[in-house]
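Biologist: I'd like to go through this model with you and ask what stands behind each label. Could you set the values against the definitions as we go?

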Amino acid sequence: MCLPPLVEDLHTRTGTPIDTLMTLHKDGHLQHIPQDAEGQLTSVGTMAHQTGSCLPCLFWFKKACTKGIFCDYCHVVHDGQKPKRIRPSRRTRMARRIESSKGEMDSLFDVVLDSMGSQEEGEIISL
């Protein structure tokens, strides 16, 4: 298979999969994606860094970006960039809240059942 020289060179130097590099090459993006100090490709979103119109990737800054080269956000440290807490989405927070309240309700239900088992018939249960 005859690979474009840029694809072959980047694959050899960075270990980036050939199919990823070919996709970016066919789209015309590969030659415009900046490389970091170690020679690794940054991301598609980093192409706008020199013009100042990019947005920093919070997940890359925390070393947690799963999109890699295909990320639409900039993978370069910006002046004044500070670490930020990655907050779970609202849906995730609500699901966690519901799960924890279910656990509390189950515990309360167990206490009531235990109390009922230890009470004589006709006695009032107090919590």
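Modeller: Gladly. Buried residues make up 21% of the 127 residues in the protein. This is a predicted model, in which local features need pLDDT of at least 70 and side-chain atom pairs count only at pLDDT 80 or more, while totals for chains, interfaces and linings use all residues. Residues are numbered from 1 along each chain as its sequence is written, and side-chain values use heavy atoms, with hydrogens and water left out.

Biologist: Which helices and strands does the protein have, and how do you know that a stretch counts as one?

Modeller: There are four helices and zero strands, and from the N terminus on the elements run α-α-α-α. Helices are DSSP runs of H or I with at least four residues, strands are runs of E with at least two, and the numbering starts at the N terminus.

Biologist: Why is threonine 20 called buried?

Modeller: Threonine 20 has a relative accessible area of 17%. Buried means under 20%, exposed means over 50%, and partly exposed is in between (1.4 Å probe, protein chains only). Its 17% is therefore on the buried side. Threonine 20 is part of helix α2, residues 18-27, where the buried residues are Thr20, Leu21, Met22 and Leu24.

Biologist: What do the buried residues of α2 pack against?

Modeller: They pack against α1. The axes of α1 (residues 5-14) and α2 come within 10 Å and cross at roughly 145°. Those axes are lines fitted to C-alpha atoms, for helices over the stretch in contact, and the angle runs from 0 to 180 degrees between N-to-C directions. On the α1 side the contact is made by Val7, Leu10 and His11, and on the α2 side by Ile18, Leu21, Met22 and His25. Contact here means heavy atoms within 4.5 Å.

Biologist: How do these contact residues divide into nonpolar, polar and charged?

Modeller: The residues joining α1 with α2 divide into five nonpolar, two polar and no charged. Ala, Val, Leu, Ile, Met, Phe, Trp, Tyr, Cys and Pro count as nonpolar, Asp, Glu, Lys and Arg as charged, and the others, Gly among them, as polar.

Biologist: What comes after α2?

Modeller: Glycine 28 follows α2, and its phi is positive, near 85°. Histidine 29 lies in the loop between α2 and α3.

Biologist: What makes histidine 29 partly exposed?

Modeller: Histidine 29 has a relative accessible area of 30%. That value lies between the 20% and 50% limits, so histidine 29 is partly exposed. Leaving out residues up to four places away in sequence, histidine 29 touches Leu24 and Met47.

Biologist: Which residues does phenylalanine 70 contact, and why does it count as partly exposed?

Modeller: Phenylalanine 70 is in the loop between α3 and α4. Its relative accessibility is 39%, so it belongs between the two limits. Beyond its neighbours within four places in sequence, phenylalanine 70 is in contact with Thr20, Thr23, Leu24 and Val44. Its C-alpha atom and that of leucine 24, 46 residues apart along the chain, are separated by 8.7 Å.

Biologist: What makes lysine 63 exposed?

Modeller: Lysine 63 has a relative accessible area of 77%, which is over 50%, so exposed is the label. Lysine 63 lies in the loop between α3 (58-61) and α4 (90-118). Its phi is near 60°, a positive value in a residue other than glycine.

Biologist: Which residues line the largest pocket?

Modeller: The lining consists of Asp36, Leu41, Thr42, Trp60, Phe61, Lys63, Cys65, Gly68, Ile69 and His75. By type, the lining divides into five nonpolar, three polar and two charged.

Biologist: How do you know that a space is a pocket?

Modeller: On a 1 Å grid over the protein atoms alone, a pocket is an open set of points with protein on both sides within 12 Å along at least five of seven lines, whereas in a cavity a 1.4 Å probe fits but cannot get out; lining residues have an atom within 4 Å of a point.
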